[in-house]
Amino acid sequence: MAGGHGQGGHGQGEHGQGQPAEAGAGGSEGSVVLAFCAAAVVALFGATAGRSAPAAAAPGPRVAQRPLDAEAQVVRGRRGVVSSASPEASAAGVAMLRAGGNAVDALVAASFAVSVARPESTGLGGGGFALTWDRATSAWSALDGREVAPAAARASTYATSPRASLDGPRAAGVPGLVAMLARLHREQGRLPWRQVLEPAIRLAEEGVPVTEALARAIERRTDVLARHPASAALFLPGGVPLQAGDRLVQADLGRTLRTLAADGPDAFYRGALAATIAREVEAAGGFLRATDLEGYEVRRREPVVGRYRGATVASFPPPSAGGALLVQMLRVLEGWDLQRLGWHGPEHVHRLAETMRRAYADRSAHVGDPDFVDVPLAWLTSGERAAQIRGEIDLARATPSERVHPGSPTGVERPNTTHISVIDAAGNAASSTQTINTGLGSGYVVPGTGLLLNNEMDDFATEPGRPNAFGLVQGAQNAVAPGRRPLSSMSPTIVLDARGEVALVVGSPGGSKITTAVLQVVSNLLDFGMSPAEAVAAPRVHHQWQPDQLVVEPGLPEATVRGLAARGHRVQVADAGLGDVQAIFVRGPNRTGVSDPRGEGRPAAE
Ligand code: DON
């Protein structure tokens, strides 16, 4: 893989102690179906389209895998397609395409809509990253709408009060989502701003059904929600947690959205709405101030771009670790003929795990906000580092993580979440991952605004050595500092085929598991020629260096699990789905939207 960045464009025991258990996976926590379903597994993995079928892994029974709901979670079209975690958001995006909008209009409308429909995952009180591909000009654009630490935030607060980064207003970074969507729309959208906000306004005012995932998140965060009157009024009406199937009407959020539609996105950062946010947060003991909102800036970044098996893979650069790790891992894997090893046989999964282990070790030491720390991006994604990692991997044995240390850069250099994938009829693509961090974010709704604030402060290394909500152990590169962006795993990705046409638009929630989920979908497509449904539904594995465990989803052949244990891996069966991928696959004129069967998403086509 030819690595590097900046090409083109303008531009577990996975959880730490006492951390909320909801952080482990996408919108699918605890949803793994354990009933054995051999027929579905054969249907999923027995036949593949495209290149030769993946060489069968060791035969034998598999642990259960939730079957892909092929009718509901796959959509085929020849024009625009939107894949998202909410049917309402996918429909909102497609409505923009039908109205003459482009991929960016669809992305922005779907983003506001999913913020309303899936408030446990994302929202205007959060942030995100967006990567777009403009077909006519062959240009990438990467916009960073990540939250930043408020000026008054101090590392000592989080070091001494571990829950401060997770619960209540002190957990919130300055939200960047609205600014990012507004800039995207201003630079690349076609339809009027008001029009792209309309579906979200309607959903907020008319209400949306409470999904299973939202009901579970409310149940888990009842204590925190109950402490804040506006949060309780919204999610615990009359003191009773909303249940799946109830209707969630968000009148305050509807008004906030109407203000943004009428006065423009600046209203969020300046003026009456900003003043309300700042006043309420200060009164509730948080750090966010009017000056933080006024000073918030979206950053344009250079995407990380590499090549893999003849395709071009573009993903998000720091302050996400996603793109750097994805390209590094692909470069390592490209040294082996994975297809010959047999899909999900022990030889294959061992190489995957050892590659992931070393990539996450590098993440812990070297990646942070590039505006504050030097990130050795060229080295991380270099052929030299990939070859070094390949050379260190013992093909017969797992290397205990305590013996794996982050590499030393040679040469000096400068440094509950949701995903939406869009392609429009002209072949432009947009890929954006957005988040308020863990389920229901900080649990703090700003009174009078309907805005649920994020708890992104927990993505910092709040204390050296203390694992965050995703079990990630991180270093000084990611320490809390005013104005700094916390390190992210979000990996919105676009893959171009050898002719430079979009082949895949992909991304996922899942905290630390985001990047490995994206990696496996890319490899399933490019190494194994799987069909879109297979590439997304196939069981996944995950290793993040610390804790030293190989997490495998049910569905891996038992012989593989035994083979991995024999090589010294500490295999842990995932208690929840590893990610919730929203993808679009393009082959010739055919576009296939797929929402991960691990979650509740639904793609839609024009
Ligand atoms: O930016 C990050 O890496 C995290 N805040 C993402 C959180 C997430 O994916 C939660 N979903 N399960």
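Tyr 269 is buried, at 5% relative accessibility. The model behind this value is predicted. Tyr 296 is buried as well, with a relative accessible area of 10%. Both values fall under the 20% cut-off, so both residues count as buried.

**Aromatic pairs**

The structure holds 6 aromatic pairs. A pair of aromatic rings is described by the distance of the centres and the angle of the planes. One of the pairs joins Phe 129 and Phe 316. Their planes lie at 20 degrees, under the 30-degree limit, so the pair is stacked. Where do Phe 129 and Phe 316 lie? Phe 129 is in strand S3 (residues 127-134), while Phe 316 is in the loop between S9 and H15. The pair therefore ties together parts that are 187 residues apart in sequence. Phe 129 is buried, at 0% relative accessible area. Phe 316 is buried too, with a value of 0%.

Tyr 269 and Tyr 296 form another stacked pair. Tyr 269 belongs to helix H12 (residues 266-269). Tyr 296 sits in the loop between helix H14 (290-295) and strand S7 (299-301). This pair therefore ties together parts 27 residues apart in sequence. Ring pairs also bring in Phe 268, which forms a cluster with Tyr 269 and Tyr 296.

| Pair | Centre to centre | Angle between planes |
|---|---|---|
| Phe 129 and Phe 316 | 4.3 Å | 20 degrees |
| Tyr 269 and Tyr 296 | 5.9 Å | 20 degrees |

**A charge over a ring**

Which residue lies over the face of Trp 336? Arg 351 does, at 5.3 Å from the ring centre.

**Backbone features**

The loop between S9 and H15 holds Phe 316. Pro 319 is found in that loop too, between strand S9 (311-315) and helix H15 (322-333). The peptide bond from Pro 318 to Pro 319 is cis, with omega near 20 degrees.

A cis peptide bond also joins Gln 546 and Pro 547. Here omega is about -5 degrees. Pro 547 is in the loop between strand S16 (541-542) and strand S17 (550-552). Trp 545 has its place in the loop between S16 and S17. Its phi is near 75 degrees, a positive value in a residue other than glycine. Is Trp 545 buried or exposed? Trp 545 counts as buried, at 11% relative accessibility.

Asn 437 also has a positive phi, near 80 degrees, and is not glycine. Asn 437 is placed in the loop between strand S11 (429-435) and strand S12 (445-446). Asn 437 is buried, with a relative accessible area of 2%.

Terms used: Residues numbered from 1 in each chain as written. Predicted model: local features only at pLDDT ≥ 70, side-chain atom pairs only at ≥ 80, totals over all residues. Heavy atoms only, no water. Helix = DSSP H or I, 4+ residues; strand = E, 2+ residues; numbered from the N terminus. Buried < 20%, exposed > 50% of the residue type's maximum accessible area, 1.4 Å probe, protein only. Phe/Tyr/Trp six-rings, centres within 6.5 Å; stacked < 30°, edge-to-face > 60°. Lys NZ or Arg CZ within 6 Å of the ring centre and 35° of its normal.
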